[in-house]
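Trainee: Hi! Could you walk me through this structure? I'm new to it.

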Amino acid sequence: MRQKAATVPAAPRPDLDAELNNLAMSKAAQPLFDAVKRHIDENVAPMAEEFYRLGENRKDPWSWAPGQLELLEVAKNKAKASGLWNFFLPSHNDIGRGLTNLDYAYIAAELGKQPLASETLNCSAPDTGNMEVLERVGTPEQKEKWLKPLLNGEIRSAFAMTEPGVASSDAKNIETRAELVGNEWVINGEKYYISGAGDPRCKIMITMVKTSPEASPQFQQSQILVPKDTPGVHILGPMHVFGHDHAPRGHMHIKFDNVRVPAENILLGEGRGFEISQLRLGPGRIHHCMRSIGQAEKALDLLVKRGSKRVAFGKPLIQLGKNLETVSRARIEIEAMRLMVLKAAKAMDVLGNREARVWVSMVKAMVPEKVCTIIDQAIQIHGATGISQWTPLAEMYVNQRHLRFADGPDEVHHMVVGRAEMSRH
């Protein structure tokens, strides 16, 4: 059984509160932030309408229509040429830009305003988390085969953890079994809501499995690289989100039937699945939260424009009832969320992912719920149009509501925060 390493308590830092509350973007990141905004305005927004128009009547919903990926590639190539590529990686290395979580948080908020922006910069989930894991713990062979094409934006990936038969918010429940037979892992089990696995560009899945059922609970799980085209990987179909299949990326229901992959496909080592998860959960959740705030900004903008132009009962809608108060509360909530997420990002930079876990759980419990409310208010002021295909609001609401499960249910995050608070007394 792998023993937990002893830790030496860090010396108290009297300046810690001041450091955690310094939430300014660094001067070094400001030019990158400005360049990202220009890229979205000049290269992403102009092609977005055509991208979606091309995809409306495609014959196969699980493929991209002719011309769609070409439009994306043009924007991606422009981003690469401008150096706007792979800067989500927080560590200083020869791959990413070495941004802090705090600096990237500011940029992620801008990416959230335009759905295609993240992908044009190769900063889309779940690839970001998968690339970070491979960069941190992958072997040279794993990096060459999978990390390199991911970093180049040539392929996409998925993270396969959630299972239909167990409460997967407690990862100790994961039942998909991987047994070492000779020099191969043999995998059997079932996963669902595996985001991105429907995309024909998805080539590799990082898969959470149980390898050591006799070990203590935190050392029973491992993460193994499973190519999507491996024999025995059966995609049973898409799981719908409020009736949407989100084709062609999708959230897939997958069965692993005697799937065999080489023993060297394991990441970091047997029984280290939970350890690996700590590398991806903090940064990924911060990215989601800041993109969500970008969505809230867009929803509020649409709310104000619609309310100012539309007239009923002799007045603009914005002047009726409590609509001005709704606008005020939305702006207050957005600014409060922004400060909370920036502080969570700063806590990760200062304290590390593990010690900042409470801050991350705070924002994960707070942000999607409040963003859902702001989008819902924008829908209401649009009337029936708000739930139609004529605005992006309905799709925005669906995406935000499902985030309250995607990164762990609200209740788990509240449990983390509540326990931490109890421990102080």
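**A first look around**

Mentor: Happy to. Let's begin with leucine 268, which counts as partly exposed at 34% relative accessibility. Keep in mind that this is a predicted model.

Trainee: Where does leucine 268 lie?

Mentor: Leucine 268 sits in the loop between β7 and α8, and α8 covers residues 273-309. Its backbone deserves a look too: leucine 268 is not a glycine, yet its phi is positive, at about 70 degrees.

Trainee: What about phenylalanine 242, what's its phi?

Mentor: Near 50 degrees, again a positive value in a residue other than glycine. You'll find phenylalanine 242 in the loop between β6 and β7.

Trainee: And is phenylalanine 242 buried or exposed?

Mentor: Exposed, because its relative accessible area is 55% and the cut-off for exposed is over 50%.

Trainee: Okay, new topic: prolines. Which residue is joined to proline 248 by a cis peptide bond?

Mentor: Alanine 247 is the partner, and omega of that bond is about 5 degrees. Proline 248 belongs to the loop between β6 (233-238) and β7 (251-262). Phenylalanine 242 is in the loop between β6 and β7 as well.

Trainee: And what is the peptide bond from alanine 125 to proline 126 like?

Mentor: That bond is cis, with omega near 0 degrees. Proline 126 is placed in the loop between α5 (117-120) and α6 (127-137).

Trainee: Let's stay with α6, then. How many of its residues are buried?

Mentor: Ten of the eleven, so α6 is mostly covered. Among the buried ones are Asp127, Met131, Val133, Leu134 and Val137. Glu132 and Glu135 are on the buried list too.

Trainee: Which hand does the crossing of α9 and α10 have?

Mentor: The crossing is left-handed.

Trainee: And what kinds of residues make up the contact of α9 with α10?

Mentor: There are 18 nonpolar residues in that contact, along with three polar and three charged ones.

Key:
Residues are numbered from 1 along each chain as its sequence is written. This is a predicted model: local features need pLDDT of at least 70, side-chain atom pairs count only at pLDDT 80 or more; totals for chains, interfaces and linings use all residues. Side-chain values use heavy atoms; hydrogens and water are left out. A crossing is left-handed if the near helix is turned anticlockwise from the far one by less than a right angle, and right-handed if clockwise. Helices (H or I, at least four residues) and strands (E, at least two) are DSSP runs, numbered from the N terminus. Ala, Val, Leu, Ile, Met, Phe, Trp, Tyr, Cys and Pro count as nonpolar, Asp, Glu, Lys and Arg as charged, and the others, Gly among them, as polar. Buried means under 20% relative accessible area, exposed over 50%, partly exposed in between (1.4 Å probe, protein chains only).
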